[in-house]
Amino acid sequence: MDENGTASTASPEPRTPSVSWEGRYLEDFVVGDVYRHPLGRTVTEVDNAWLTLLTQNTAAIHFDRHYAERTQWGRPLVDSTFTLALVTGQSVHDVSMNVMANLGWDRVRLPNPVFEGDTIYSQSEVLSVRESKSRPDVGVVEVRTIGFNQDGVIVISFERTLLVYRRGHGPGRVAVEPRWDERSLKAAGLDPRPGTP
């Protein structure tokens with residue numbers, strides 16, 4: 001709508017949209033590079049209770065506050081598999097958006113506990129990059145990822161090995177285009193009949 005309350009006569013022009021980030025392909029990894037992953041995440045009591053119960057983890061220190069208060073920690077510990085999953089997930093943005101398969105997690109270490117209410121951040125360092133001997137469309141990447149809390153205290157470190165697609169290989173992104181029908185044009189305040197007075 002313009003300032004007179006009239007629908008705009010402009011209609012959406014066909015344009016090629018750009019994708020803000022498609023992730024790294026094999027050719028983009030350089031040994032020694034460190035990627036600070038962009039999102040932090042505050043761990044809630046619900047996160048801890050749900051993951052513990054969904055995975056049938058019966059360690060009371062994760063879901064029984066009364067029990068946990070009587071331990072040396074004085075409060076519930078966050079299930080360490082939640083920490084592993086969270087920090088792995090945080091790294092996807094920089095490391096594995098173009099993954100073909102995870103090959104393994106090694107040297108998983110939990111030097112300090114995570115508590116409900118902690119905010120976890122992470123970063124990954126590229127340890128090695130090599131071509132696959134059996135698959136020309138992928139290569140093998142190894143990274144060391146660390147997660148740390150709001151005070152910078154490292155709560156997890158692990159090495160992860162994965163197969164990453166080469167640029168131009170793999171399934172690619174789904175190319176679905178929006179369809180501007182009359183109803184959509186009206187909802188957006190656009191004249192559904194371009195050029196109509």
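Predicted model: local features only at pLDDT ≥ 70, side-chain atom pairs only at ≥ 80, totals over all residues.
Two strands pair if DSSP finds at least two bridges between them; strands themselves are DSSP runs (E, at least two residues; helices are H or I, at least four), numbered from the N terminus.

Residues count from 1 along each chain as its sequence is written, and side-chain values use heavy atoms, without hydrogens and water.

Let's start with β6, residues 154-165. Ten of its twelve residues are buried (under 20% relative accessible area; exposed is over 50%, partly exposed in between; 1.4 Å probe, protein chains only), so the rest of the structure largely encloses β6.

On one pairing, β5 (residues 138-148) runs antiparallel to β6 over eleven bridges, with G147 partnered by I156 of β6.

## Salt bridges

There are twelve salt bridges here (a Lys or Arg side-chain nitrogen within 4 Å of an Asp or Glu carboxyl oxygen). One of them joins D94 and R24 at 3.3 Å, N to O. That pair ties together distant parts of the chain, 70 residues apart: D94 is in the loop between α3 and β3, and R24 is in the segment before β1. Both residues are buried.

R41 and D47 also meet, with their closest N and O atoms 2.7 Å apart. R41 is partly exposed at 32% relative accessible area, whereas D47 is buried at 15%. Elsewhere, R107, E125, R144 and E159 link up in a salt-bridge network.
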